Amino acid sequence: MSGPSTYEPKTAIERWLDSRLPIVRFSADLMDFPTPKNLNYWWTFGGILAFCLITQIITGIILAMHYNASGGGAFASVQHIMRDVNYGWLIRYIHANGASMFFIAVYVHIFRGIYYGSFKAPRELLWLIGAAIYVVMMATAFFGYVLPWGQMSFWGAKVITNIFGALPVVGPPLVTWLVGGFTVDAPTLNRFFSLHYLLPFVIAGLVGLHIWALHVPGNNNPTGVNVKSKSDTVPFHPYYTVKDGFAVSVFMILFACFVFFMPEALGHVDNYIPANPLATPAHIVPEWYLLPYYAILRAIPDKLSGVIAMGGAIACIFALPWLDRSRVRSMRYRPQAKLYFIIFFIDCLILGFCGAHEPDDKLWPGSIGFQLFDSNINSFVWLSRVAAAYYFFYFLIVTPLILPFTETPLPAPESISTPVLSHPATVPAGAVAAPEKKG
Amino acid sequence: MVESVAGASADPTHAAPDPSRRDFIHIAVVAAAVGGVAAVAWPLVDQMNPSADTLALSSIEYDVAKVALGQQVTVLYRKQPLFVRHRTPKEIAEAVADDHAQLRDPATDASRVKPGKSEWLILIGVCTHLGCTPNFDGGNLDPGHYGGWFCPCHGSVYDTSGRIRKGPAPKNLVLPEYVFETGTKIKVG
């Protein structure tokens, strides 16, 4: 970790441990970690994500005690969990909604990283590990969604595995290998359960690397300016344990609202129909957190190109540290980048909105529109295309090619402390303070 | 508590915090956290207790008339073997004769059957040592010839009343709760 350790073993057992396995020193250094003193609430989502991962692992291990990963028994065992197991309904609703909460938090965390330039040197590897965690999360969530073995589970598994079928030559045999049969069936369910149990521990390992990589350069901060002296930082504990703890508590309120008052709001009723390989549900959509990619996939009329575009959308996230070469980290001091970023954020929401609709649904029900190439201009297909185009435009054109020539960044502060000390709310002792305006 | 803030930069706009107020906040936060964790932990613990469908397997009915004299039928009761034994007069006589013998878990044979139904011995077929199912051997295998059950796992020997006579088991074979609903029909549990 960065900086010399200030821990001094006080008791005999601590001294004994310290020269053998210094876990107390390790924990003490983590708690004492010098953290920029200006981190805002967007920085609490790391702690929130740790909370989400632990919640998912604990509830998941419990669900696995009662779940039966067989083609004939999976659906019934989920009903058994909901009806018969003590508090099974609670544990399953926490796990199912916990996945959505996890993704809400990870999206905030990712957008935070983009906005404040947290991916820039020397944090590129930190960013790459984070992006890898996100990909493994998506895989884990997908495998988990298959397990109840309802209609949405079955057909979701079918569609997602068939995405790999788009690859030339190796595609079809790859799909057969993935699903273990002519099509998705009981063998698929069994292996997906195995992988769904495995991957969270892969995530936990990656999170360990992510935190390690974070603790070498230390946290970025809202100004994006490097920590210059000890006066720019505070120890992680108690300052950020308390701040993160408060944020986790607030987040738990949102979480509990879903679990107790609208546990099925993010699900789909069709998943309470047992898997039927002979009938596809009329309206099939992935879970909300995958909708933007789903919209990109459907925006492109060619199968292979659609799959490539979807993979490319994720690849852009990985490539961001090498696409954005601005020397200024925080978009606080990048007026143009901020504008494109806000449009990009809205664009992602639009993509999600498109993914939730049928491609040929009308955008404005009253208007007839007109035919442009293969589809009506007044349809979600065209909105998806425009939105998908902006998605790639943002990553591949604006960030590396336009902004370096058009943007003049605002002057960034000398140090983390400067904007705080010069802030009108910070007044000398004795004067009337206005704490409500602080920050 | 107060020491933990000593390293922080002093806030010029505020006087030193009142230590008792700070202690109160600490205690209140910790108490709320402990209470919250306990409330969350209970469902996570209780889920391992028997579920509703397991508890629903509570009682069964069985017509003992199907069991011939000298025969034993093993029925599944709460996922465990239930011995329904139709004892011969010789077995009953042996059991009664040993009522006042040296017993590890003293019980009379009459206390182990329903009044007037001493030919029907209903037992939970689980050795009280470590849970194996004893075999009825009629005194052929066990060296002491108690004429009852012999547990293959660790050699516990039960007599014709299901009482422990030898080996490591501490208790007699357990009697389930049951009643004779009619002359020959029992309801167990």
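Does Arg191(A) count as buried, exposed or partly exposed, and at what relative accessibility? Arg191(A) counts as partly exposed because its relative accessibility is 30%, where buried means under 20% relative accessible area, exposed over 50%, and partly exposed in between, with a 1.4 Å probe and protein chains only. This is a predicted model, in which local features need pLDDT of at least 70 and side-chain atom pairs count only at pLDDT 80 or more, while totals for chains, interfaces and linings use all residues. Residues are numbered from 1 along each chain as its sequence is written, chains are lettered from A and ligands numbered from 1 in the order in which they are written, and side-chain values use heavy atoms, with hydrogens and water left out.

- Arg191(A) has its place in helix α9 of chain A, helices (H or I, at least four residues) and strands (E, at least two) being DSSP runs numbered from the N terminus.
- Not counting residues up to four places away in sequence, Arg191(A) touches Trp177(A), Leu178(A), Val179(A) and Gly180(A), a contact meaning heavy atoms within 4.5 Å.
- The C-alpha atoms of Arg191(A) and Val179(A) are separated by 8.3 Å, although the two residues lie 12 residues apart along the chain.
- In helix α8 (residues 171-179) of chain A, the buried residues are Gly171(A), Val175(A) and Val179(A).
- Seen down the axis of α8(A), these buried residues fall within an arc of 55°, so they line one face of the helix; the arc is that of the directions from the helix axis to the C-beta atoms.
- The buried residues of α8(A) pack against α7 (151-163) and α9 (186-215) of chain A, and α8(A) is followed by Gly180(A), whose phi is positive, near 70°.

**Aromatic rings**

- Over all chains, the structure holds 38 aromatic pairs, counted when ring centres of Phe, Tyr and Trp (its six-membered ring) lie within 6.5 Å, with planes under 30 degrees apart stacked, over 60 edge-to-face and the rest tilted.
- Tyr391(A) and Phe395(A) form a tilted pair, 5.3 Å centre to centre with 55° between the planes, and both residues are buried.

**Chain B**

- Chain B has three helices and 10 strands, and 33% of its 189 residues are buried.
- The accessible surface of chain B comes to about 10,700 Å², of which 62% belongs to carbon and sulfur atoms, as given by the Shrake-Rupley method with a 1.4 Å probe, only the protein chains shown counting as cover for residues.
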